[in-house]
Amino acid sequence: MSVLPLVFTSGWASGINAYAVVLLLGVFGATGVSDDVPETLQRPEVLAVAGALFLCEAVADKIPYVDSAWDSVHTVVRPVAGAWVGALLAGHSGSLSDVAAGLIGGSTALASHTVKAGTRMAVNTSPEPFSNVIVSMAEDLGVGGVVTFAMFHPLPAAIIAGVLLLAGLVVLFFLVSRIRRFLRRRAQRREERRLAAHPGRPPD
């Protein structure tokens, strides 16, 4: 079977938590659960770095506003990771062009990252902090569950990932007003910090 469903699923998951994807795939390959995982992802140093960064993301992802700052930094990281994992999977299987797999994985990761980052901006408009923790845990469990399912049933997992991506884009469309509110509040805080740092400077 073509590796395309696994590339698509890993791309979707990378846009949400790239380090979890690398860590999960590497562990599945290293433990012999799957023969479809490239050797590169199974290397101890790759697993160690992915594990450390996964722990960092697990903390940062649950703190209001810190999660959005983390997402901003990973606007490049997650799509690149999705493209890298997709190209490795394609090169290992030989059933799909590395370039095509990279484009699919990267673009899918960018789309799911956009949904994640936008949703977090909307969540951050809520005055209580618990919603961040709940959303973060749901994302981690979703990524873990779908990627694990993809190891054994790649096509159904890709369908699930596609449905989740489409649903996320629809939800994001309806959250645009809350996202704008978040951006206005963030700009206001920056202006307040600037004025506090230069109290004698007249406003622009």
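This is a predicted model: local features need pLDDT of at least 70, side-chain atom pairs count only at pLDDT 80 or more; totals for chains, interfaces and linings use all residues.
View 1. You'll find glutamate 57 in helix H3, which covers residues 44-60. Which residues does glutamate 57 touch, if you skip those up to four places away in sequence? The list is Ile16, Asn17, Tyr19, Trp70, His74, Arg78 and Lys116.

View 2. Arginine 78 meets glutamate 57 in a salt bridge, with 3.2 Å from N to O. Arginine 78 sits in helix H4 and glutamate 57 in helix H3, so this pair ties together parts that are 21 residues apart in sequence. Are the two partners buried or exposed? Both arginine 78 and glutamate 57 are buried. Arginine 78 also makes a salt bridge with aspartate 71, at 2.9 Å from N to O.

**View 3. Aspartate 67 meets arginine 120.** Here's another salt bridge, with 3.0 Å between N and O. How many residues apart are aspartate 67 and arginine 120? They are 53 residues apart, so to speak a link between distant parts of the chain, with aspartate 67 in helix H4 and arginine 120 in helix H5 (residues 98-123). Both of these side chains belong to buried residues. Salt bridges with shared partners join Asp61, Asp67, Lys116, Arg120 and Glu139 into one network. For the protein as a whole, the count comes to nine salt bridges.

View 4. Tyrosine 65 is in the loop between H3 and helix H4, which takes in residues 66-93. With 28% relative accessibility, tyrosine 65 counts as partly exposed.

**View 5. Alanine 48 across from leucine 23.** Back in helix H3, have a look at alanine 48. Alanine 48 is partly exposed, with a relative accessible area of 48%. Going from C-alpha to C-alpha, alanine 48 and leucine 23 are 8.4 Å apart in space, while 25 residues separate them in sequence.

**View 6. A nonpolar patch that includes phenylalanine 174.** Leu166, Val170, Phe173 and Phe174 make up a nonpolar patch on the surface. Together they have about 470 Å² of accessible area. Phenylalanine 174 belongs to helix H7, residues 154-174. Its relative accessibility is 60%, and the cut-off for exposed is over 50%, so phenylalanine 174 counts as exposed.

**View 7. A cluster of arginines on the surface.** Which residues gather in a patch of positive charge? They are Arg178, Arg180, Arg181, Arg184 and Arg185. One of them, arginine 184, lies in helix H8 (residues 176-197). Arginine 184 is exposed, with a relative accessible area of 55%.

**View 8. Zooming out to the whole chain.** The protein chain has eight helices and zero strands. Its C-alpha trace spans about 65 × 35 × 30 Å along the principal axes. Out of 204 residues, 43% count as buried. If you take contacts with a separation of 6 or more, 75% of them are between residues 24 or more positions apart. The chain carries 16 positive and 15 negative side chains, and the centres of those two sets lie 14 Å apart. The accessible surface comes to about 10,300 Å², with 73% of it belonging to carbon and sulfur atoms.

Note on methods. Residues are numbered from 1 along each chain as its sequence is written. Side-chain values use heavy atoms; hydrogens and water are left out. Helices (H or I, at least four residues) and strands (E, at least two) are DSSP runs, numbered from the N terminus. Buried means under 20% relative accessible area, exposed over 50%, partly exposed in between (1.4 Å probe, protein chains only). Contact means heavy atoms within 4.5 Å. Accessible areas come from the Shrake-Rupley method with a 1.4 Å probe; for residues, only the protein chains shown count as cover. Lys and Arg count as positive and Asp and Glu as negative; His and the chain ends are not counted. The place of a charge is taken as NZ of Lys, CZ of Arg, CG of Asp or CD of Glu. Patches are made of residues with over 30% relative accessible area and no salt bridge: like charges are joined within 9 Å, nonpolar side chains (Val, Leu, Ile, Met, Phe, Trp, Tyr) within 5 Å. A salt bridge is a side-chain nitrogen of Lys or Arg within 4 Å of a carboxyl oxygen of Asp or Glu.
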